[in-house]
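Colleague: Could you take me through the aromatic rings and the backbone of this model, with the cut-offs that you applied?

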Amino acid sequence: MSTKKSTLNESAKATVARLKANRIQPSQAQFDDRDVMGNGASNSPKIQRVSKNKTPVDAAERKNVANKIIKQLLFGELTQGQALKALRINVLGLKQDVYAKLVDISRKTLSDIENDRGSYKTDILNKAFKPFGLRVGLLPSSTNALRSLLQSDGTTN
């Protein structure tokens, strides 16, 4: 049991280190496939992926996937929980228990957020979304108003 627990802690630590590296030097940070899949000469701990069949994607593709999911969230096509789950799986590829340790919330809380159950304080939601550079905030209630706002800045097509 303690071996499993230490593996989870090491996996979370490795993920935190990678996220910090991406935040500090986004152009120089590399996502090493051997580290993720555990099939290289690397001494770093194996990161527990959601599925063994799911292959990791490079940094540029992760950014594109994250942006697409965030855009769907902004325009109300995804709920907060659906967006968090999609980001966790498609961008980081982590299991709930590993991600929960990473953001310092319980796995049950993470599950409840992803399934849109319960009502959580903004500090808990901010912890859950922090690895993706997101936080809880106010948006126009109308998607048309949001599109208009973004188009006036020249940020959407």
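This is a predicted model: local features need pLDDT of at least 70, side-chain atom pairs count only at pLDDT 80 or more; totals for chains, interfaces and linings use all residues.

Modeller: Residues are numbered from 1 along each chain as its sequence is written, and side-chain values use heavy atoms, with hydrogens and water left out.

Colleague: What is the angle between the planes of Y99 and F132?

Modeller: Rings of Phe, Tyr and Trp (its six-membered ring) pair if their centres lie within 6.5 Å, and planes under 30 degrees apart count as stacked, over 60 as edge-to-face and the rest as tilted. The count by this rule is one aromatic pair. Y99 and F132 form that stacked pair, with 5.9 Å from centre to centre and a plane angle of 25 degrees.

Colleague: Are Y99 and F132 buried or exposed?

Modeller: Buried means under 20% relative accessible area, exposed over 50%, and partly exposed in between (1.4 Å probe, protein chains only). By these limits both Y99 and F132 are buried.

Colleague: At what distance from the ring centre of F75 does R147 lie?

Modeller: A charge sits over a ring if NZ of Lys or CZ of Arg is within 6 Å of the ring centre and within 35 degrees of the ring normal. R147 lies over the face of F75, and its distance from the ring centre is 4.1 Å.

Colleague: What is the relative accessible area of D104?

Modeller: D104, a residue other than glycine, has a positive phi near 65 degrees. D104 is exposed, and its relative accessible area is 57%.
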